[in-house]
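I opened this structure for a quick look. My notes follow in the order I looked things up.

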Amino acid sequence: MLTLKALADRFGLDFRGDADTPITGIGTLADAVPGQLAFLANSKYTGQLAGTRASVVILGAADADACPCACLISGNPYTSFAQITALFDDGDDLPDGIHPTAVIAASATLAAGVRIGPYAVVGERSVIGAGAQLHAHAHVGNDCVVGEDCVLMPKTTLVKRVRLGNRVRIHSGAVLGADGFGIAFHQGGWIKIAQLGGVRVGDDCEIGANTTIDRGAIEDTVLENDVRLDNQIQIGHNVRIGAHTAIAGCVAVAGSTRIGKYCLIGGAAGIVGHIEIADKVTVGAMSLVTHSLTEAGEYASGTPIQPKNEWRKNAARFKQLDAMARTLNTLKKNGD
Amino acid sequence: MLTLKALADRFGLDFRGDADTPITGIGTLADAVPGQLAFLANSKYTGQLAGTRASVVILGAADADACPCACLISGNPYTSFAQITALFDDGDDLPDGIHPTAVIAASATLAAGVRIGPYAVVGERSVIGAGAQLHAHAHVGNDCVVGEDCVLMPKTTLVKRVRLGNRVRIHSGAVLGADGFGIAFHQGGWIKIAQLGGVRVGDDCEIGANTTIDRGAIEDTVLENDVRLDNQIQIGHNVRIGAHTAIAGCVAVAGSTRIGKYCLIGGAAGIVGHIEIADKVTVGAMSLVTHSLTEAGEYASGTPIQPKNEWRKNAARFKQLDAMARTLNTLKKNGD
Amino acid sequence: MLTLKALADRFGLDFRGDADTPITGIGTLADAVPGQLAFLANSKYTGQLAGTRASVVILGAADADACPCACLISGNPYTSFAQITALFDDGDDLPDGIHPTAVIAASATLAAGVRIGPYAVVGERSVIGAGAQLHAHAHVGNDCVVGEDCVLMPKTTLVKRVRLGNRVRIHSGAVLGADGFGIAFHQGGWIKIAQLGGVRVGDDCEIGANTTIDRGAIEDTVLENDVRLDNQIQIGHNVRIGAHTAIAGCVAVAGSTRIGKYCLIGGAAGIVGHIEIADKVTVGAMSLVTHSLTEAGEYASGTPIQPKNEWRKNAARFKQLDAMARTLNTLKKNGD
């Protein structure tokens, strides 16, 4: 049983209240029940503190006096909360050993302690590192490397020539190493360009459900260490994503683009091919990046949401915008 | 063999023509062949009525006189058509019983009449309701509930802690219950926040191919009853979607947002996180909702499609729009 | 071992340098090592030619004099490169024969030379053509046709009534033939419209990873010959896509729309339902096509990416655009 003092000691936090307060789970400020731990990290929710039924709240020092129950005081309550959630996780649920239905190529190499679920497939010459988990229907094609302690959730697919670092976590339906979209127009139709590269993923990356990362055309598509991708993201061939960059759901990155380190890309944004984005760039949701961004900072495109009848009038005027600007310039000159 | 009169009786419709007209299938007004039933529900297609080769047309009373063949007269021809299509559906094609290759955990509970296809997996402590169908490669992880008469099409995945109501239909490649995208920045890198919640889906929901619905961080992600999701939609953790809301393909909904009942969200729209959308809101295709919408009604954002050389000039002026507005205000003041 | 002269002869190219120069692989101009072949097809990269370590470069006649090594001279270096890549491809890696775990319906028909991987499923009455490859976990539902030399990569799904021409290549996670999104509102809730059509795909099409193509409501959804779809594209029911059209990743096409031949649709673009797009239309990335486009040419919508604080000011003015236009018109009249 976790107690208030045990958590405080483990994460180096101060606390107020009964050191032996038992903590049985995690809840939100609004809906926690007695025994649960909640957190306050966003001032938007400060009003919920007084009424919480949680037994313990993680919060900043400034909020401690207002807390109606025991508390853990953190310089960064959200980070402390993140660290504590791991203690309540029930893990990935894959039994030890290799399920008898798994199909493992004779030339594959499995380290000690690998766990493999039903109907998983491991291809020729692939190497699975110690402690890795391949859940049900995971597919590791030929010439892949799965690093130590990687987790491939059910129905993940590494098509071929995909090399994962250590502790990479891939969610269901993600496809790494499919052919990049390479075609050349010739005599009235398309010729396919064979995709001869692979995919390299650094340590500690996470890749969301149904995200796709294509193999490179000649060289590899690369994710550096600690890249975090949400669901349904498309990464084209030969893209390179810098360390610690986080990308929200449904973003599309076209081929051969380089994204820097510590970037934050908002949901459903688009990034065209063959450009470079500097370190520490933040891109707004649904923005389209059409040229290289050489300076750190926040960027956005798009127009605001409006009631449709108002929007329609403004949108119609957008088509006249250049003409309006010319008229305005003329009027201004005439007025000078 | 279905006849004109049999359909009229079954759905409470009036008819004109030979009561015994046999109906062997469904076609479009333009391409139906004799024996088929067509429908006219959109005045855009009224011109096709005179030339149809269909044996029977479902239509409104106002169009009956112009119909060159037998007809079924409905107050709502589209709804009547929808009801009749079900009679011509060939169903989901899954044989009775449990395929010998299915892997069912010892602690799982299967009700009577469950049908399970090849290579499906059912995890620990999961419960499958009467009449449910799990097609080939369906994956039901641990601690899930699949309600009565649910249909999980081939390669659907319920990762864990996913509870479906009755008559829920999930299409191939959909992933419910993957980890929400929860990360906290700490000492130069990302810490994962364990996702401790689940997904709850109400009765009569439909979830499209390759759609993803993440597990909640603490509490559940929720779809109320009769929510209809098209393909490739992304629903972030802790989102709540109200009853009878329909969402078109490729929409992205970020975490913790609440969408009301009877909403209609257009294709490829985006909805940011932590906002609330009222009941009966309609959002246009590819619009981005960046703040709460507290009133029912239609909303949109974006700019019109144009020939690229015209668009380019207008788009360039968008970057000067604030300056233009200031100049205009000055000119207006000077003119007053 | 391939040599310079052998390649020149095979593809009808001129060459300069030692006819016996061995070619062991393909690299980029910047990173090729001795033994490798590189190509120069984009003047953006001309500066890399002088420093390349490649043994052979494919280039246009104008660049031949500047080449520091042997070269192949082509009227279209990119096309020649595309053709040559195929010689270095390691293929699709599926062993001959039918894996003992494949589940093949008794009523299915398999031609000679079909290769089927582990855990693949072939449904009732489906026909697999000569030389076709069904990789691991490929699912071919009932009443499907897979043409000659088709390749279904791991975890592709043909739900039902999907007919592929010859040489179609489908990537992992793609779902063809799921129910179209057809619902009718009736008495406060939704009725499902049974989707009675199928999907027809022409010869030489390629369909990207996690792309979805729904079955038609009554008639079929159709891709004509040589259509090329990238990843995560959504094609609604009853869409028709003309021959040789190429669509980049994450595009959404709503139901019943017809796209012409030789169109190029940019990444993450949207196309609404029930419209027609002429042949040879090019649509820009993330543009939304809201009405029929009857003339060939390039089209776009959207606003430019900007630093966020500048963008915010301009976006706010967008809501005043109609008012600005009216003011401007008044000022102009007064000035006349």
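I began with how the copies relate. Chain A superposes on chain C by a rotation of 120° with 0.0 Å of shift along its axis, at an RMSD of 0.0 Å. The two copies are thus related as by a three-fold rotation axis.

I noted the ground rules. This is a predicted model, where local features need pLDDT of at least 70 and side-chain atom pairs count only at pLDDT 80 or more, while totals for chains, interfaces and linings use all residues. Residues are numbered from 1 along each chain as its sequence is written, chains are lettered from A and ligands numbered from 1 in the order written, and side-chain values use heavy atoms, without hydrogens and water.

Next I looked up the domains of chain A. Domain 1 covers 2–88 and domain 2 covers 156–299; the bounds come from an automatic or database domain assignment. Their C-alpha centres lie 37 Å apart.

Then I turned to helices between chains. Helices are DSSP runs (H or I, at least four residues), numbered from the N terminus. Helix H4 (residues 321–335) of chain B and helix H4 (residues 321–335) of chain C have axes that come within 11 Å and cross at roughly 40°. Axes are lines fitted to C-alpha atoms over the stretch in contact, with angles from 0 to 180 degrees between N-to-C directions. H4(B) passes H4(C) in a left-handed crossing (the near helix is turned anticlockwise from the far one by less than a right angle).

Which residues of H4(B) and H4(C) meet? I found Leu321(B), Met324(B), Ala325(B), Leu328(B), Leu331(B) and Lys332(B) against Leu321(C), Met324(C), Thr327(C), Leu328(C) and Leu331(C). Contact means heavy atoms within 4.5 Å. By class, the contact of H4(B) with H4(C) has nine nonpolar, one polar and one charged residues (Ala, Val, Leu, Ile, Met, Phe, Trp, Tyr, Cys and Pro are nonpolar; Asp, Glu, Lys and Arg charged; the others polar, Gly among them).

Note on methods:
Copies are superposed by least squares on the C-alpha atoms of residues with pLDDT of at least 70 in both. Helices (H or I, at least four residues) and strands (E, at least two) are DSSP runs, numbered from the N terminus.
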